[in-house]
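Q: Here is a predicted model. Let us go through some of the terms used to describe it.
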Amino acid sequence: MRSYSLLAPAKINLYLEILGDRPDGYHELAMILQSIDLADGIDLHANGTDNIRLHCDHPQVPLDQTNLAYRAAQLMINQFPNAFAKFGGVDIEIEKRIPVAAGLAGGSTNAAAVLVGLDLMWQLGLTQSELQELAAMLGSDIPFCIGGGTAIATGRGERLSPLPDLDNLHVVLAKHRSSCVSTAWAYQTYRQQYSSSYVSDPQSLKERSARVHSGGLVSAIAHKDAAKIGQSLHNDLERVVLPKYPQVQQLREAFEKAGVLGTMMSGSGPTVFALTESRSQAELVQQQVATGILDPGLDFFLAQFTATGIRVV
Ligand SMILES: C[C@](O)(CO)[C@H](O)COP(=O)(O)OP(=O)(O)OC[C@H]1O[C@@H](n2ccc(N)nc2=O)[C@H](O)[C@@H]1O
Ligand SMILES: Nc1ncnc2c1ncn2[C@@H]1O[C@H](COP(=O)(O)OP(=O)(O)OP(=O)(O)O)[C@@H](O)[C@H]1O
């Protein structure tokens with residue numbers, strides 16, 4: 001086929017523990033990632049030229065080679081020159097619904113969709129793990145975005161083990177339109193402040209990895225225990241982002257007061273999410289937090305956990 005339409009879901013971090021420094025300069029992590037049904041639309045169309053052309057009308061999304069979706073297409077061209085010679089270039093249209101630079105893997109999921117879409121368009125027949133290997137060359141969150149669902153992510157985030165699906169929980173997400181946190185800044189600041197608790201040689205990293213504290217959450221997920229899942233959320237990056245961004249701290253407190261199952265910042269922020277058992281409860285929480293904060297620059301999104309990653313629609 002010459003055209004594919006794909007849905008690219010956002011992710012939230014139910015758990016993020018920083019274990020130490022890796023030889024490649026990244027941090028060794030223990031995470032639990034969850035896809036939600038807040039998704040961008042990605043349309044791919046074979047354009048009969050030798051070029052990648054990118055379209056997106058969101059003002060914060062770059063339209064040049066720094067766009068992760070563009071970089072994903074470029075990587076596929078480099079890896080599969082014969083398929084590119086046969087099928088030619090591609091138009092990529094991004095319909096942005098996931099807030100940008102929000103800690104929700106917006107760019108990463110767009111890149112994952114391009115990898116999945118070009119695999120289909122160019123009839124390559126790549127396996128999920130082959131797609132994930134390509135994804136890891138582009139960014140740490142991208143391998144997860146391919147298959148999505150609920151998963152443990154270790155290494156720098158690219159090593160994945162699936163967990164049982166959790167598609168019944170609802171999420172309220174909130175983010176101030178003006179706030180934006182750089183992921184690199186968050187990790188660097190964490191390193192400056194907490195590296196005394198880090199390990200870095202391979203043997204110590206291995207031992208430290210055996211002592212992560214996510215066991216309670218993994219067991220809550222296995223038992224589909226919503227209350228315990230809510231109580232077991234964790235994100236080490238909150239320790240550097242909350243003190244620096246009072247608006248994020250304020251959202252965390254407002255959600256806590258709203259009596260949700262649990263609340264946490266996603267990734268490097270600034271989005272804060274809260275878990276509820278029903279859509280109607282999520283709507284009530286949104287109303288309560290919006291009324292308490294009364295800021296017209298505050299955006300809310302309602303979503304549900306989903307068991308799927310990138311899919312063709
Ligand atoms: C914060 C999270 O979104 C949580 O899921 C991820 O850990 C970040 O994933 P990502 O944005 O795909 O990350 P990358 O594009 O690979 O890296 C962005 C920056 O984050 C830092 N980084 C990222 C992942 C990691 N394990 N250690 C790091 O120190 C690095 O400074 C890097 O320059
Ligand atoms: N396809 C894309 N969509 C959105 N932003 C993109 C895209 N490609 C590149 N970017 C750039 O990446 C930056 C981070 O945007 P993105 O929405 O991916 O952040 P994020 O959700 O915080 O990522 P993560 O959770 O993976 O760290 C943006 O400021 C933007 O300049």
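Q: Why is tyrosine 190 called buried?
A: Its relative accessible area is 2%. Buried means under 20%. Tyrosine 190 therefore counts as buried.

Q: What makes the pair of tyrosine 190 and tyrosine 194 tilted?
A: The planes are 40° apart. Stacked needs under 30 degrees, edge-to-face over 60, and the rest are tilted. The centres lie 4.7 Å apart, and the cut-off for a pair is 6.5 Å. So this is a tilted aromatic pair. Both tyrosines lie in helix H6 (residues 183–194), four residues apart, or about one turn of the helix. Ring pairs link Tyr190 and Tyr194 with Tyr198 into a cluster.

Q: How do you know that arginine 239 lies over the face of tyrosine 194?
A: The distance to the ring centre is 3.9 Å. The limit is 6 Å, with a further condition of 35 degrees from the ring normal. Arginine 156 lies likewise over the face of tyrosine 26, at 5.1 Å from the ring centre.

Q: How many aromatic pairs does a search of the whole structure find?
A: Four.

Q: Why is the pair of phenylalanine 84 and tryptophan 122 called tilted?
A: The ring centres are 6.3 Å apart, and the planes are at 45°, so the pair is tilted. The pair links distant parts of the chain, 38 residues apart. Phenylalanine 84 is in helix H2 (residues 81–87), and tryptophan 122 is in the loop between helix H3 and helix H4.

Q: Are these two residues, phenylalanine 84 and tryptophan 122, buried or exposed?
A: Phenylalanine 84 has 16% relative accessibility and counts as buried. Tryptophan 122, at 3%, is buried too.

Terms used:
Residues numbered from 1 in each chain as written. Chains lettered and ligands numbered in written order. Predicted model: local features only at pLDDT ≥ 70, side-chain atom pairs only at ≥ 80, totals over all residues. Heavy atoms only, no water. Phe/Tyr/Trp six-rings, centres within 6.5 Å; stacked < 30°, edge-to-face > 60°. Helix = DSSP H or I, 4+ residues; strand = E, 2+ residues; numbered from the N terminus. Buried < 20%, exposed > 50% of the residue type's maximum accessible area, 1.4 Å probe, protein only.
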